[in-house]
Amino acid sequence: MTATATAAAAEAGVVHKPSLRRKLVPYWLLLPGILWLLVFFALPLVYQASTSVQTGSLEEGFKVTWHFPTYWDALTEYWPHFVRSVLYAGTATILCLLLGYPLAYLIAFKAGRWRNLLLVLVIAPFFTSFLIRTLAWKTILADSGPVVETLNTIGFLDVTNWLGMTDGSRVLATPLAVVTGLTYNFLPFMILPLYTSLERIDTRLHEAAGDLYAKPSTAFRKVTFPLSMPGVVSGTMLTFIPASGDYINAELLGSTDTKMVGNVIQSQFLRVLDYPTAAALSFILMAVVLIVVTIYIRRAGTEDLV
Amino acid sequence: MRWLRRNIIVIAGLLTLAYLILPNIVVMVFSFNNPAGKFNYSWREFSTEAWQDPCGVADMCGSLVLSLQIAFFATIGATVLGAMIAFALVRYRFKARGTINSLIFLPMAMPEVVMAASLLTLFLNLGAQLGFWTILIAHTMFCLSFVVVAVKARVLSMDPRLEEAARDLYAGPVQTFLRVTLPIAAPGIAAGAMLAFALSFDDFIITNFNSGSTVTFPMFVWGSAQRGTPVQINVIGTAMFVIAVLIVVAAQLISSRRKHSARSK
């Protein structure tokens, strides 16, 4: 209908003028998707906010009583879990950056015709369900298995014992196991943005740095790394945010002493059925993540990235 | 020593790659295990039993089929809705663009557990029956943003003059869209759809909160970590890995051949 009308207009030699109908096109395109997000993403947050200030019990039903102390109680009772979440997620993010940067650099600049193969190998682990892969870490980190034996022999576990990340000569059920799992699970989210931003760098800049007598390390520090900052920032956020809310690694690889906020939210919602506390915890987590990310972006100085 | 210093990046990169792939190898090797007890965590002896009867575990293949169904419908929903939003955002100038861009961005920038929990409070308050439909709604919601980003990237890089040219050649808007815009945007839409499928199929946290007693494949794996992990889980994991790698390799071969033939013309 519109097609024939416009075609007829075009045939009559009428210059294309944006009609009201044309102006409305973007809104019609947006309507269904945005409606979906408003109803199933924005509205639920409102419901959760109202749940967090309710009191009552499952039998009698919950009522909004503007009971804000729930937040305070949740925070005083579960602050160690928040601290752990930020610490574990932060450590995993730093490890992801340290481990991911060389690989992203290798793929971007040194891989040559192996580049596509290496990229496939980075994405390939995704294809096996991540829960199955996380369970595989139980085998890898098994007590007195080859990995743990080696770590013991080279004295690595002495270092992590000193750091409080392990206790004795085992790895499973310690913070180290949880951080290992988190690092592993979110590593691709660090590598891919790093690779994208490294790949955009003009390699002639390296040559120019060399011509100006910069040592390779200086060239990296002054040219490559600053230019890869967009990748570093988005990679860190893509790693830190989901890691801070994760409860899978802490549940499968950790112990009761390594529970993160995600574990508490999950069990409050699905097992204890204390909805107000669970909702409050979830909002506090959101606030903590928001604060950490904002501070980080300010310091990284790339506000226009988001 | 000098060799080591020169190749330090290559060595470090390959070590990271090994770290990434190690669990997949373990999953593969342990799909040939014959474990002693209920848990398939330590090696006992070689066996192909699980491969001969991959669906020999109660409820596992049912959960797999359910996950595929949900991923299929969620992909269609998220791709249609997401592609429409992406076209509107790239191709049109209107007032609410900034607000809508942040509404799209937020679901990706929030810990999944927060999103999952808030959706659960919505469903609880509405008295909705948790199950297939709530999972489908939730998956469509969180896949949507990823589709928008993937399609936007492709549409942004496309030359608007191609559409102008089509219009100059008397193509109507529908014709222009079907014959010019859509074919150019297709790889972006396909990438978005594949991402949505993978995300939905593998999602655990949102499903964990909103599935009630319905068991998708990730939920089955999660439950098996408590009750006992059948070797068949490793078989499915390995098969998924192999199939997906084959698809990626085939796609690369096709695209490189196409590039090649385009160049030789």
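A residue counts as buried when its relative accessible area is under 20%. Keep that cut-off in mind for this predicted model.

**Stop 1: a helix inside**

Select residues 229-245 of chain A. This is helix α11, with 17 residues. From its first C-alpha to its last, α11(A) reaches 25 Å, close to the 24 Å expected at 1.5 Å a residue.

Now colour the buried residues. Of the 17 residues of α11(A), 12 are buried, so the helix is largely enclosed by the rest of the structure. Among them are A:Gly231, A:Val233, A:Met237, A:Phe240 and A:Ile241.

What do the buried residues of α11(A) pack against? In chain A, show α3 (69-110), α8 (175-199), α10 (216-227), α13 (261-272) and α14 (275-300).

**Stop 2: a pair of strands**

Move to chain A, residues 54-57 and 61-64. These are strands β1 and β2. They pair in the antiparallel sense over 4 bridges. A hairpin of 3 residues joins β1(A) to β2(A). Click A:Gly56, then look across to β2(A): A:Phe62 stands opposite.

**Stop 3: a surface patch**

Select A:Leu20, A:Leu24, A:Tyr27, A:Trp28, A:Leu31, A:Leu35, A:Leu38, A:Val39, A:Leu43 and A:Val46. Together they form a nonpolar patch on the surface, with about 960 Å² of accessible area.

Zoom in on A:Leu31. This residue lies in helix α2 (residues 20-52) of chain A. Its relative accessible area is 42%, so A:Leu31 is partly exposed.

Key. Residues are numbered from 1 along each chain as its sequence is written. Chains are lettered from A and ligands numbered from 1 in the order in which they are written. This is a predicted model: local features need pLDDT of at least 70, side-chain atom pairs count only at pLDDT 80 or more; totals for chains, interfaces and linings use all residues. Side-chain values use heavy atoms; hydrogens and water are left out. Helices (H or I, at least four residues) and strands (E, at least two) are DSSP runs, numbered from the N terminus. The expected span of a helix is 1.5 Å times one less than its number of residues. Buried means under 20% relative accessible area, exposed over 50%, partly exposed in between (1.4 Å probe, protein chains only). Contact means heavy atoms within 4.5 Å. Two strands pair if DSSP finds at least two bridges between them. Patches are made of residues with over 30% relative accessible area and no salt bridge: like charges are joined within 9 Å, nonpolar side chains (Val, Leu, Ile, Met, Phe, Trp, Tyr) within 5 Å. Accessible areas come from the Shrake-Rupley method with a 1.4 Å probe; for residues, only the protein chains shown count as cover. A salt bridge is a side-chain nitrogen of Lys or Arg within 4 Å of a carboxyl oxygen of Asp or Glu.
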